[in-house]
Amino acid sequence: MRDFFDCERQFTRRQFGRMAALLTAGAALPFYNEAILAQDVKAISAIPPDAVRINANENPMGPCPAAIEAIQKIVPKGGRYHFDQANGFAEALAAVESVSTTHVLPGAGSSDLLHRSVMAFTSPKRPLVVAEPGYEAPSSAARFMEAKVIAVPLRKDYSHDAKAMAEAAADAGVIYICNPNNPTGTVTRKEDIDYIVANKPKGCIVLIDEAYIHFSSSATPATPHVAADKDVIILRTFSKLYGMAGLRAGAAIARPDLLEKLRKFGGLTIMPATGMAGATASLKDKNLVAERRKILADIRDDLFAWLEKRQYSFIRSDANMVMIDSKRPGRETTAAMLEQKVAIGRTWPSLPNHVRVTIGTSEEMAKFKTAFERVMGA
């Protein structure tokens, strides 16, 4: 195993101050997760309570019955810390992913673990490599560390450009891959991820965010790289397919020495007992992922057929979102949809006319179709 203290981790007093701020300032830091990025913060209160909310890549199905039962059982015991819940969760996830329990670090969702990963392995001398368009949170963390951010455009099929990302910076500290990608929902092939892992710069970490992988029928999990002790950190969350966005459960999967770098920032000793209990119960439901993947795919395919019939352009997705070309600035479309009591997602600078729409229930998507036709017609 490589010693990552050799990766020129030389910090100035200013950077040490920034790290200290991480331990004390919490939510005041300029980091973001999907909930905050889903819309302008000032606009959150403007969403009517009876509006359809398909803006934050949430899962309206919520926790599965087994998770709800486990959560209900632990709530009356909420006066205790329940350290054992995190241990049980790590054991359950390790068993599912065929890795050692020592390779699993539980988290309250995956956002905090993502920020820790970027902060641990980037610096002014070790840049971050990301795809464009892509999830913005890693770049925010890197800039906080005064690290350079190098954006590599997606290919024409909206997959990650493996060769370009591997060669983007000879001194890269982290290469971030979201698979399926947020916001496009597109899949990067196994051979491309394998190429990045094999050809990345020495000392560079490949950070693979698999938040949406359970929705996909074609994406291949990267956990074999962890089992082979590669320089890889995988992020998993229970906020998406498992329907636990408000309950907070997730994990980083990596070699123990890499996970130890994330622990050094502190604050990972106590996990929410409800989130851990619900996540553990979800993992033990062997049919849950396949059943929910099919439900989501059926609704998504129906939407795609509707868009194609009306000749609306979109990027075909294999996740719980879709980018739709609104033929005008996306912010205008988002505002117009909100007037119809349908909250949809944001835009990206490289796709300024596209809006990201989360796949909701059949009823929610029916309301979306009605509202979208009104807005496009206007």
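This is a predicted model: local features need pLDDT of at least 70, side-chain atom pairs count only at pLDDT 80 or more; totals for chains, interfaces and linings use all residues.
**View 1. The open sheet of seven strands.** The strands follow the order β2-β8-β7-β6-β5-β3-β4, and their pairing is mixed. Because β2 and β4 (149-153) stand at the edges with a single partner strand each, one side of each is left without a neighbour in the sheet. On average, neighbouring strands of this sheet are turned by 20° against each other when direction is ignored.

**View 2. The pairing of β6 with β7, and the helices on the sheet.** Strand β6 and strand β7 (residues 232-237) pair in the parallel sense over four bridges, and here I208 stands opposite I234 in β7. Helix α4, residues 83-97, lies across β2, β7 and β8 and runs at about 130° to β2. Helix α6 (residues 137-144) also packs on the sheet, where it touches β3 (128-132), β4 and β5 (174-178), and its direction makes about 150° with that of β3.

**View 3. K200 in the loop between α8 and β6.** The loop that holds K200 lies between α8 (190-199) and β6 (205-209). With a relative accessible area of 12%, K200 is buried, and a polar atom of its side chain lies 3.0 Å from the backbone oxygen of C204.

Methods:
Residues are numbered from 1 along each chain as its sequence is written. Side-chain values use heavy atoms; hydrogens and water are left out. Helices (H or I, at least four residues) and strands (E, at least two) are DSSP runs, numbered from the N terminus. Buried means under 20% relative accessible area, exposed over 50%, partly exposed in between (1.4 Å probe, protein chains only). A polar contact is a pair of N or O atoms within 3.5 Å; within protein, one must be able to donate a hydrogen and the other to accept it, and residues adjacent in sequence count only if both atoms are side-chain atoms. Two strands pair if DSSP finds at least two bridges between them. Axes are lines fitted to C-alpha atoms, for helices over the stretch in contact, and angles run from 0 to 180 degrees between N-to-C directions. Contact means heavy atoms within 4.5 Å.
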